[in-house]
Amino acid sequence: MIRTFDAAGAIELGREVLLREAKAVTDLADTLDTGHFARAVELLLNCKGRVVVSGVGKSGHIGRKLAATLASTGTPAFFVHAAEAAHGDLGMITKDDVVIGISYSGETGELLTVIPVLKREGTALITITGNPKSSLAKNADVNLNVHVTAEACPLNLAPTSSTTATLAMGDALAVACMHAKGFTKEDFARSHPGGALGRRLLTHVRDVMRTGDAVPCVKEDISVLDAVREITKKHIGMTAVVNVTGIFTEGDLRRLIEKRGDIRAIPIAEVMTKTPRTIEADAMAAAAARILEETLVNQLLVVDKAGHLVGALHLHDLMTAKVI
């Protein structure tokens, strides 16, 4: 049965939990100068196989996240549930791998069961525990101590501060390895092709530009009225004039009507914008987005390395591709 809800009390308790967990993480910084952390990073960097993360319960959930973070930042890794490891999944682990075993108590039976097999195979073992004197820590090549003085749980029972500390330690390992390997934004994008960063860093102008008959283009000797017909037909709000000699946009048309009134007989060459902004087809789509943003325009003409018109790009094309 829920007692009478106290909003102020809930806020205060939430604040206390956040502060306790934040302190648990900041306290870990003092443990990194013991050499254990550097040794763990060294083992991961020298791993010839894969990093295998294992645990059960809440530690297992943290382990899955750590494996995913390592894999996405340049350190090939996967998660194996400790209980499943003892029932066949140990076959996934080789002597060239490095195992990260996570158990706050350091006495998790499922992990202790597989340690003899790992030792026999010669597989390196890193443990993350809250007790450096535990059975798991004593059998590890290196143990990372994530001890917390108390859980953020008011009952001091539910894994809260301890799991946060473990999560932070795992992130520290992953980031240290990423930095040592010279992992770049481009590397990150290659492992996240479906994400926003991947789209921005892997999508080229040629991937999203309009080509062929979809590119509006007219000759210099036609009238503004004929140019407007081409603009209307191609639905991009502008037209190129003879390759890339010039450009004429709907904005130019509005300003021209306001200034000249009857524009039907005016030659397009007289009112087009000469030397228009262009971008090469091999450029990154993100670069095109930056040009559009900085120049406050909606369209760009796309050229090849020789400067020949090969396509057209509208702001909406970049939005559709989710580059912006």
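This is a predicted model: local features need pLDDT of at least 70, side-chain atom pairs count only at pLDDT 80 or more; totals for chains, interfaces and linings use all residues.
Strand 10 and strand 11 (residues 299-303) run in the parallel sense and pair over three bridges, where pairing requires at least two DSSP bridges between two strands. Strands, like helices, are DSSP runs numbered from the N terminus (E, at least two residues, for strands; H or I, at least four, for helices).

These strands belong to an open sheet of three strands with mixed pairing, in the order 10-11-12. Strand 10 (278-280) and strand 12 (309-314) stand at the edges with a single partner strand each, so one side of each is left without a neighbour in the sheet. The twist from one strand to the next averages 35°. Helix 14 (residues 285-295) packs on the sheet, touching strand 10, strand 11 and strand 12, and its direction makes about 140° with that of strand 11; axes are lines fitted to C-alpha atoms, for helices over the stretch in contact, with angles running from 0 to 180 degrees between N-to-C directions.

## Helix 7 and its partners

The axes of helix 1 (residues 7-28) and helix 7 (residues 161-180) come within 9 Å and cross at roughly 40°. Helix 1 and helix 7 are therefore oblique to each other, the term left for angles that are not under 35 degrees (roughly parallel), over 145 (roughly antiparallel) or 65 to 115 (roughly perpendicular). In contact, meaning heavy atoms within 4.5 Å, Arg20, Glu21, Ala24, Val25 and Leu28 of helix 1 meet Ser161, Thr164, Ala165, Ala168 and Met169 of helix 7. The residues of this contact divide into six nonpolar, two polar and two charged.

For helix 2 (residues 36-45) and helix 7, the axes come within 10 Å and cross at roughly 55°, which makes helix 2 oblique to helix 7. Phe37, Ala40, Val41, Leu44 and Leu45 of helix 2 form the contact with Met169, Ala172, Leu173, Ala176, Cys177 and Ala180 of helix 7.

## Helix 12 and its cover

In helix 12 (residues 250-260), the buried residues are Gly251, Asp252, Leu253 and Leu256, buried being under 20% relative accessible area with a 1.4 Å probe and protein chains only. Their cover includes helix 11 (224-234), strand 8 (246-249), helix 13 (268-271) and strand 9 (273-274). Just after helix 12, glycine 261 takes a positive phi of about 80°.

## Basis of the values

Residues are numbered from 1 along each chain as its sequence is written, and side-chain values use heavy atoms, with hydrogens and water left out. Local features need pLDDT of at least 70 and side-chain atom pairs count only at pLDDT 80 or more, whereas totals for chains, interfaces and linings use all residues.

Notes: Buried means under 20% relative accessible area, exposed over 50%, partly exposed in between (1.4 Å probe, protein chains only). Ala, Val, Leu, Ile, Met, Phe, Trp, Tyr, Cys and Pro count as nonpolar, Asp, Glu, Lys and Arg as charged, and the others, Gly among them, as polar.
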